[in-house]
Amino acid sequence: MFHPTIWCDSDDYRADVEVVDPKKCLEESCKPKCVKPLLEYQACVKRVQGDESGHKHCTGQYFDYWQCVDKCVGPKLFAELK
Amino acid sequence: MVGGGVIQQILRRKLHSPSLATPVRSWLSSKKAHVEAGSSGVRAFALLGAGVTGLLSFSTVASADEAEHGLACPDYPWPHDGILSSYDHASIRRGHQVYQQVCASCHSMSLISYRDLVGVAYTEEEAKAMAAEIEVVDGPNDEGEMFTRPGKLSDRLPQPYANESAARFANGGAYPPDLSLITKARHNGQNYVFALLTGYRDPPAGISIREGLHYNPYFPGGAIAMPKMLNDEAVEYEDGVPATEAQMGKDVVSFLSWAAEPEMEERKLMGFKWIFLLSLALLQAAYYRRLKWSVLKSRKLVLDVVN
């Protein structure tokens, strides 16, 4: 599967454009790597949508997804910062 | 193990998370109740039942504890992490600016004085000028009265509230902690604070946070009183670095790391020097010991039998 490279650094050529937060940008670019937990989370959301009792929640799948994204973003983020 | 299972049952009921364990557990306990004293085979089965119950209880514990412990924060490659790495002092200077403009309205740093900043983030003149901007209560004077004067280098960083009660009252009952030691006062402090500040997100489906609190997955329990404070370009850096949320987070955590461990650079230098010297001393001591013991270790004992 081809993933286009997303540049998340804040170079001078983009000085006239408003600043892009590198963390948000990297989290977007890491999404393809974490498709499986994301789909699990979305499946959970569907299951929870119809719940009336208010006891069901998707914290587990949410944590799994964001842990995957964090692991991907962590080593790369500081290279984009001063 | 079964006792632990009971406790997890109570916890789970309190947190209202659904699980399949309840009907299975009651089925297993009823099975165990049927068999009383008897053969070892029955006892083995009872033990197996206890073990399975414990395992199933642990699975419910995992889902109940996840939000309680907060999402584990990743490890970021801090520039001051290495065995001989110093702080990024430009980052500390920017971080202090972020603290002053964003955080100081609620968080005190009462263990740091203006003079501590000299030579670390500011020159003496700059620090003096910064100190002079605040008003400090001093006294009593010759007439016995307290008076206010402009700040000096020896004064502590100003406190936003007079006391903890005032701080709680102004923040809906929550106390914004003093930040002087925060990176040492939290597990994996530097990574935790950075993840927390930059980690405000929409809550997962099924979780609702009450009015006045905000969702943050890294905060134990998930509901934090502090709103998202770092927003792009909230601060304009003197050195022209783009003030993105992540940049401000990195800088403010560098500043807080320095505030909690100002001795870090000297400690690393000392540690490197003395570990090296003591290794040499170890080699010398080992040689000297073996030299002295060689006399005994190379002696010969002769048994002479006289007929």
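# A guided tour of a two-chain model

Read along the sequence, chain B runs α-α-α-α-α-β-β-α-α-α-β-β-α-α. That pattern holds ten helices and four strands. Please keep in mind throughout that this is a predicted model.

**Stop 1: the two chains**

Colour by chain and begin with chain A. Its elements run α-α-α from the N terminus on, giving three helices and zero strands. Chain A has 82 residues, and 37% of them are buried. Now switch to chain B, where buried residues make up 35% of 307.

**Stop 2: a lysine in chain A**

Select Lys23(A), which belongs to helix α1 (residues 22-30) of chain A. Is Lys23(A) buried or exposed? With a relative accessible area of 1%, Lys23(A) falls under the 20% cut-off, so this residue counts as buried. Show its side chain together with that of Thr198(B): a polar contact of 3.0 Å joins the two.

**Stop 3: aromatic rings**

Next, show the side chains of Phe, Tyr and Trp. Over all chains, the count comes to twelve aromatic pairs. One of them is formed by Phe78(A) and Tyr76(B): the rings are stacked, with 5.6 Å from centre to centre and 10° between the planes. Phe78(A) is in the segment after α3 (59-77) of chain A, while Tyr76(B) is in the loop between α3 (40-69) and α4 of chain B, so this pair joins two chains. Both Phe78(A) and Tyr76(B) are buried.

For a group of rings, select Tyr41(A), Tyr62(A), Phe63(A), Tyr65(A), Trp66(A) and Tyr215(B). Ring pairs link these residues into a cluster.

**Stop 4: charges over rings**

Select Arg94(B) and Tyr237(B): the charged end of Arg94(B) sits over the ring of Tyr237(B), 5.7 Å from the ring centre. Then select Arg289(B) and Trp293(B). Here the charged end of Arg289(B) sits over the ring of Trp293(B), at 4.9 Å from the centre of that ring.

**Stop 5: the largest pocket**

Rolling a probe the size of a water molecule over the atoms shows where empty space is left. The largest pocket holds about 740 Å³ of space. Which residues lie nearest its centre? Select His107(B), Pro176(B), Pro177(B), Ile224(B) and Met226(B); they are among the 31 residues that line the pocket.

To see where the lining comes from, highlight α4 (89-103), α8 (189-198), β4 (223-224) and α9 (245-260) of chain B, each of which supplies at least two lining residues. Which of these gives the most? That is α8(B), with four residues. Colouring by class shows 24 nonpolar, five polar and two charged residues in the lining.

**Stop 6: backbone details**

Most residues other than glycine have a negative phi, and most peptide bonds are trans. Chain B has some spots to look at with that in mind.

- Select Gly139(B) and Pro140(B): the peptide bond between them is cis, with omega near -5°. Pro140(B) is in the loop between β1 (135-138) and β2 (147-150) of chain B.
- Go on to Asn188(B), a residue other than glycine with a positive phi, near 55°. You will find Asn188(B) in the loop between α7 (182-185) and α8 of chain B. Asn188(B) is partly exposed, at 29% relative accessibility.
- Then pick Glu233(B), which is not a glycine either, but has a positive phi of about 60°. Glu233(B) is in the loop between β4 and α9 of chain B.

**Stop 7**

For the last stop, draw two distances between C-alpha atoms.

Start with Ala44(B) in helix α3 of chain B. At 44% relative accessibility, Ala44(B) is partly exposed.

Now select Ser108(B), in the loop between α4 and α5 (124-132) of chain B. Ser108(B) has a relative accessible area of 9% and is buried. What separates the C-alpha atoms of Ser108(B) and Gln159(B), 51 residues apart along the chain? The distance is 4.9 Å.

Note on methods:
Residues numbered from 1 in each chain as written. Chains lettered and ligands numbered in written order. Predicted model: local features only at pLDDT ≥ 70, side-chain atom pairs only at ≥ 80, totals over all residues. Heavy atoms only, no water. 1 Å grid on protein atoms, 1.4 Å probe; cavity = no way out; pocket = protein on both sides within 12 Å on 5 of 7 lines; lining within 4 Å. Points joined across faces, edges and corners; volume = space filled by probe spheres on them. Nonpolar A, V, L, I, M, F, W, Y, C, P; charged D, E, K, R; others polar. Phe/Tyr/Trp six-rings, centres within 6.5 Å; stacked < 30°, edge-to-face > 60°. Buried < 20%, exposed > 50% of the residue type's maximum accessible area, 1.4 Å probe, protein only. Lys NZ or Arg CZ within 6 Å of the ring centre and 35° of its normal. Polar contact = N/O pair within 3.5 Å; in protein donor to acceptor, adjacent residues only side chain to side chain.
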